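Try each task on the structure first, then walk through the solution.

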Amino acid sequence: MHTSKKTAIGFIFITLLIDVMGWGLIIPVMADLIAQLKGISINQASTYGALLLSVFAITQFVFSPVIGNLSDKYGRRPVLLFSLLGFGIDYIILALAPTYGWLFLGRIIAGITGASFTTATAYIADVSTDETSKAKNFGLIGAAFGLGFVLGPALGALLATWGIRAPFYAAAVLCLVNCIYGYFFLPESLSKENRREFDWKRANPFGSLKFLTSNPKIGRLALGFFLIYLGSQAVQSNWNFFTIYRFNWSEKMVGISLAVVGVMVGAVQGGLTRIVVPKIGNEKSIYVGLSLYTLGLALFAFASQGWMMFAFLVPYCLGGICGPSLQSAISGHAPANQQGELQGALTGLMSLTAIIGPLIMNNSFAYFTSSKAPFYFPGIHFFIGAICMLISIFITYKVLSRERKAEVKNIK
């Protein structure tokens, strides 16, 4: 059974890695493909690229709770395989797309079938025996993202020498091969006695978010989770714009910095988290991680030279130890037959931050570097992100400290 669990966790890691790599593979060529299909320049194509990101995030927000609830009824395995198949079809559509509209269709399909994250986290919750092992296993998610973020763009740039469509075919092959492998070797993690009937009221995105409020503790911790991902959009959505504007970085330098981010995130989530969390505990890991996130973002906001951004990446990336621990704490408040619904709701929250986060961060950056601003502050979006992290510290401390005090009182 132990070997089976290790094999399953390994498959989940590879699945998430392929998802991120597939996204990273197409980054080097997506702009050129959009410009080619629309017959416009690269800078004009960025607007259409943003629309593709937006429709993907919106579609994921709508369908993630549906997928999560389906996995609670039918099990994690079939939903994961369906997701991989959907992503494979998406990349084939992108590879063959004769017009920009087909790219839109492909991203919608990817958003609908983008169950890998939702169902993978539910799978991890199923096979993890306690909160510490959950946090360690959830750390693999971050490791997959970090490693995929390094390997994907590098491999995409290499494949692009064979043609602008080559990376899309490679991403499709990766997804479909993993789907076939999972069909033969991935065991089901959700026992039949822990399954429940599908309920449309609980599967709509806003009903899913309502589930988070059904348990006040889950709701408050989920709010902290939401603020973490909202704050991180300061880096994810605006890093390239800020560094090019503030420090006159080249595209190559931006790419190097993102590769460094990928390496550091992978090291923290895949290695450090598995060492630190068992030693200092889940709760302390949340506070330490959030404090480091806050520090890193505040330092970014006031950086005056380019080298500082690399130095300040250290505390920011170390803050990643809080994510798996908080996710584990939230997961510990839900029964086994609601883990898919819970993870679907959390994925919905993440999708929501991907929709509204760039609007907040990028528009703040644009406004406070314009002549209309009351004062000049190009790092304003990082400062907003730091505030989000600070509020998250307050919220999680209030919930978890009360629980700890209640447990001590019950023991006495």
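Buried means under 20% relative accessible area, exposed means over 50%, and partly exposed lies in between, using a 1.4 Å probe and protein chains only. This is a predicted model, so local features need pLDDT of at least 70, side-chain atom pairs count only at pLDDT 80 or more, and totals for chains, interfaces and linings use all residues. Residues are numbered from 1 along each chain as its sequence is written, and side-chain values use heavy atoms, with hydrogens and water left out.

**Exercise 1.** Classify Phe302, Phe383 and Phe377 as buried, partly exposed or exposed.

*Solution.* 
- Step 1: Phe302 has 55% relative accessibility, so Phe302 is exposed.
- Step 2: Phe383, at 34%, counts as partly exposed.
- Step 3: Phe377 has a relative accessible area of 11% and is buried.

**Exercise 2.** Work out the geometry of the Phe302–Phe383 and Phe377–Phe383 ring pairs.

*Solution.* 
- Step 1: Take the rule: rings of Phe, Tyr and Trp (its six-membered ring) pair if their centres lie within 6.5 Å; planes under 30 degrees apart are stacked, over 60 edge-to-face, and the rest tilted. The structure holds 13 such aromatic pairs.
- Step 2: For Phe302 and Phe383, the centres are 6.2 Å apart and the planes stand at 80 degrees, so this pair is edge-to-face.
- Step 3: Phe302 lies in the loop between helix H13 (282–301) and helix H14 (306–318), and Phe383 in helix H17 (residues 380–411), so the pair ties together parts 81 residues apart in sequence. Helices here are DSSP runs (H or I, at least four residues), numbered from the N terminus.
- Step 4: For Phe377 and Phe383, 6.1 Å between centres and 50 degrees between planes make the pair tilted.

**Exercise 3.** Which ring does the charged end of Arg77 sit over?

*Solution.* 
- Step 1: The test asks for NZ of Lys or CZ of Arg within 6 Å of the ring centre and within 35 degrees of the ring normal.
- Step 2: Arg77 sits over the ring of Tyr183, 5.5 Å from its centre.
- Step 3: Likewise, Lys73 lies over the face of Tyr74, at 5.2 Å from the ring centre.

**Exercise 4.** Count the disulfides, then check Cys179.

*Solution.* 
- Step 1: A disulfide is a pair of cysteine sulfur atoms within 2.5 Å, and the count comes to zero.
- Step 2: The closest cysteine sulfur to that of Cys179 is in Cys175, 9.0 Å away, which is too far for a bond.
- Step 3: Cys179 is buried at 14% relative accessibility.

How values were computed: Helix = DSSP H or I, 4+ residues; strand = E, 2+ residues; numbered from the N terminus.
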